[in-house]
Amino acid sequence: MDILAHFLWTYVIYFRYKTHRLLAAFFGIFPDLGSFGFFFLLSLFSGTLEFGKPELSSIPNYVFFSYNLTHSLIAAFFVILVIYLLTKRIPWILGGWILHILIDIPTHTDSFFPTPFLWPLSNFTFNGISWADKEFLIINYSLLILVYAYLFIKFKDKKV
């Protein structure tokens, strides 16, 4: 799924948690920032940034490694476990990271960055529908508009 939709879905799920919803939404986009962020900035500042789907051969190996790492439920749960062992508290805001991976599993195809959710234990991926498919984008953003409209109407007179 695209980074904006990840942010919006995570934010709405954490909506009731006023003090942590923005941080949770950040963790909802963290997997994409952590894997493509440096490559994007490098391309931007070097003048090689092109919009649209890049050729896989033009993407450096470190992007594939970081994508595997940041899109792995195994890695995410490991980080959550380490934080829990250190703090004796479950870091619920990292649920945004888990949500990102769970959303990506059915919204990526095998042809372009499938979600390696069991990495490094397995390279298994699910061949889903592309989040960039026009029909999917229309449905996804229509649902987001409906959910945010509902929240706006429900909470318009309340300080949330």
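Visitor: Lys88 first: buried or exposed?
Guide: Exposed, because its relative accessibility is 58%. Buried means under 20% relative accessible area, exposed over 50%, and partly exposed in between, with a 1.4 Å probe and protein chains only. The model is predicted: local features need pLDDT of at least 70, side-chain atom pairs count only at pLDDT 80 or more, and totals for chains, interfaces and linings use all residues. Residues are numbered from 1 along each chain as its sequence is written, and side-chain values use heavy atoms, with hydrogens and water left out.

Visitor: Where does Lys88 lie?
Guide: In the loop between helix H4 (73-87) and H5. Helices are DSSP runs of H or I with at least four residues, strands are E runs of at least two, and both are numbered from the N terminus.

Visitor: What is phi of Lys88 near?
Guide: Near 60 degrees, a positive value in a residue other than glycine. Most residues other than glycine have a negative phi. Phe113 has a positive phi too, near 50 degrees.

Visitor: And is Phe113 buried or exposed?
Guide: Buried, because its relative accessibility is 6%. Phe113 sits in the loop between H5 and H6.

Visitor: Which peptide bond is cis?
Guide: The one from Trp119 to Pro120, with omega near 5 degrees. Most peptide bonds are trans. Pro120 is in the loop between helix H5 (95-104) and H6.

Visitor: Pockets now. What volume does the largest pocket have?
Guide: About 1100 Å³. A pocket here is an open set of points on a 1 Å grid over the protein atoms alone, where a 1.4 Å probe fits, with protein on both sides within 12 Å along at least five of seven lines; lining residues have an atom within 4 Å of a point. Points are joined across faces, edges and corners, and the volume is the space filled by probe spheres set on them.

Visitor: Which residues lie nearest its centre?
Guide: Phe36, Gly52, Pro54, Phe112 and Trp131, out of 30 lining residues. H2 gives the most to that lining, with 7 residues.

Visitor: How many of the lining residues are charged?
Guide: 6, alongside 15 nonpolar and 9 polar. Ala, Val, Leu, Ile, Met, Phe, Trp, Tyr, Cys and Pro count as nonpolar, Asp, Glu, Lys and Arg as charged, and the others, Gly among them, as polar.

Visitor: What about the second largest pocket?
Guide: Its volume is about 210 Å³. Tyr14, Tyr17, His20, Arg89, Ile90, Pro91, Trp92 and Ile93 line it. They split into 6 nonpolar, 1 polar and 1 charged.

Visitor: Back to the surface. Which residues form the nonpolar patch?
Guide: Ile3, Leu4, Leu23, Phe26 and Leu33, with about 410 Å² of accessible area together. Areas come from the Shrake-Rupley method with a 1.4 Å probe; for residues, only the protein chains shown count as cover. Nonpolar side chains (Val, Leu, Ile, Met, Phe, Trp, Tyr) are joined within 5 Å, and like charges within 9 Å.

Visitor: Which helix supplies the largest share?
Guide: H2, with 3 residues. Leu23 lies in that helix, and counts as partly exposed because its relative accessibility is 40%.

Visitor: Last one: where is Asn140 found?
Guide: In helix H6. Asn140 is buried, with a relative accessible area of 5%. Its C-alpha atom is separated by 11 Å from that of Ile103, 37 residues apart along the chain.

Definitions and conventions. Patches are made of residues with over 30% relative accessible area and no salt bridge: like charges are joined within 9 Å, nonpolar side chains (Val, Leu, Ile, Met, Phe, Trp, Tyr) within 5 Å. A salt bridge is a side-chain nitrogen of Lys or Arg within 4 Å of a carboxyl oxygen of Asp or Glu.
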